[in-house]
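Please walk through this model with me, element by element.

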Amino acid sequence: DNTVTNRCAEAARRALRAGTNNIPRRVSCLRLLTDNHVPQWMPGVPRGCRLQRAVLTIRASGANNTPRIIFGRWAYPRTLCSVAEALRDPQGTNARVVLYLHGGAFALMRPHSLTDLLVRYALAADAHVLCVDYRRPPTHKHPVAVDDCLASYTWLLEQGVPATRLALVGESAGGALIALMLARMIPLGVPVPAGAALLSPWVDLRDTSSPSFAANAAFDYLPLDMIRMFASVQ
């Protein structure tokens, strides 16, 4: 219920804030806090969804003749058909797909860390939700993450899912990735999705002095010095 969910969310925020205030300023250390697997049976995670691993084979392009693999995670209500059936006959099953791009300052979080969000999006949209494990800095610099997200969207189109039944959802860094994807789609002639929801997108990495940083210091789990660090590793 909402009371349990709110308590879990508040506990997670407090734990993250305590961790980020006391952990070394290195991405590898922060990932020890953010990249953990969250099982479906955790308190507060709604029931009624199936979760499964996603494996996307991306066609070779340009001089590279080797297909790429992008991993991710599917979530969908138990009342819907399987992912395999939805992709085998998207028109016949009237499949609706949400491509969800996770946040995490571009460098943190993984699909398996976001079980609660994936389940809630799937239930609310009554759709198959795909969260992809895009490559992250500092190992992979911009625009590699945008490349992976656009390739994942194109992969869905190639499976036969029409753009009119596709939506994009992303928060924070994920919202910024959607904005960058959409800016690419039009000149490339890629069909745009039926809708896109950018939730508090982090679109201006140069801005680390707005009054909101001070006003929300008690609520943001990332301290300002850490935000500046993430802005510099892209």
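Just after helix α5, Asp126 takes a positive phi of about 50°, although Asp126 is not a glycine; helices (DSSP runs of H or I, at least four residues) and strands (runs of E, at least two) are numbered here from the N terminus. Asp126 is found in the loop between α5 and β4, and at 37% relative accessibility it counts as partly exposed, where buried means under 20% relative accessible area, exposed over 50% and partly exposed in between, with a 1.4 Å probe and protein chains only. The model is a predicted one, in which local features need pLDDT of at least 70 and side-chain atom pairs count only at pLDDT 80 or more, while totals for chains, interfaces and linings use all residues. Residues are numbered from 1 along each chain as its sequence is written, and side-chain values use heavy atoms, with hydrogens and water left out.

Helix α5 itself (residues 115-125) has Thr115, Leu118, Val119 and Ala122 as its buried residues. They cover an arc of only 95° around the axis, which puts them on the same side of α5, the arc being that of the directions from the helix axis to the C-beta atoms. An α-helix has 3.6 residues a turn, so residues three or four places apart point the same way. The buried residues of α5 pack against β1, β2, β3 and β4, and the helix as a whole lies across β1, β2 (68-77), β3, β4 (128-132), β5 and β6, running at about 60° to β2. Such angles run from 0 to 180 degrees between N-to-C directions, with axes fitted as lines to C-alpha atoms, for helices over the stretch in contact, and contact means heavy atoms within 4.5 Å.

These strands belong to an open sheet of six, in the order β1-β2-β4-β3-β5-β6, with mixed pairing, two strands being paired if DSSP finds at least two bridges between them. Because β1 (49-58) and β6 stand at the edges, each with a single partner strand, one side of each is left without a neighbour in the sheet. Neighbouring strands are turned by 20° against each other on average, direction ignored.

β3 and β5 pair in the parallel sense over five bridges, and in β5 the partner of Val97 is Leu166.

Helix α7 also packs on the sheet, touching β3, β5 and β6, and its direction makes about 140° with that of β5. At 1.5 Å a residue, the 16 residues of α7 (residues 173-188) should span 22 Å, and its end C-alpha atoms are 23 Å apart, which agrees; the expected span is 1.5 Å times one less than the number of residues. Among the buried residues of α7 are Leu177, Ile178, Met181 and Met185, and what covers its buried residues includes β3 (97-101), α6 (144-158), β5 (166-171) and β6 (195-199).

Met181 leads on to the core. Of the 63 residues in the largest nonpolar core, Trp74, Leu99, Tyr153, Met181 and Phe230 touch the most other members; such a core is a set of buried Ala, Val, Leu, Ile, Met, Phe, Trp, Tyr and Cys residues joined through side-chain atoms within 4.5 Å. The largest share of this core, eight residues, comes from α6. Not counting residues up to four places away in sequence, Met181 touches Leu99, Leu101, Val146, Cys149, Leu150, Tyr153 and Leu168.

Some backbone details remain. Most residues other than glycine have a negative phi, and most peptide bonds are trans. The bond from Pro137 to Pro138 is cis, with omega near 5°, and another cis peptide bond joins His142 and Pro143, with omega about 15°.
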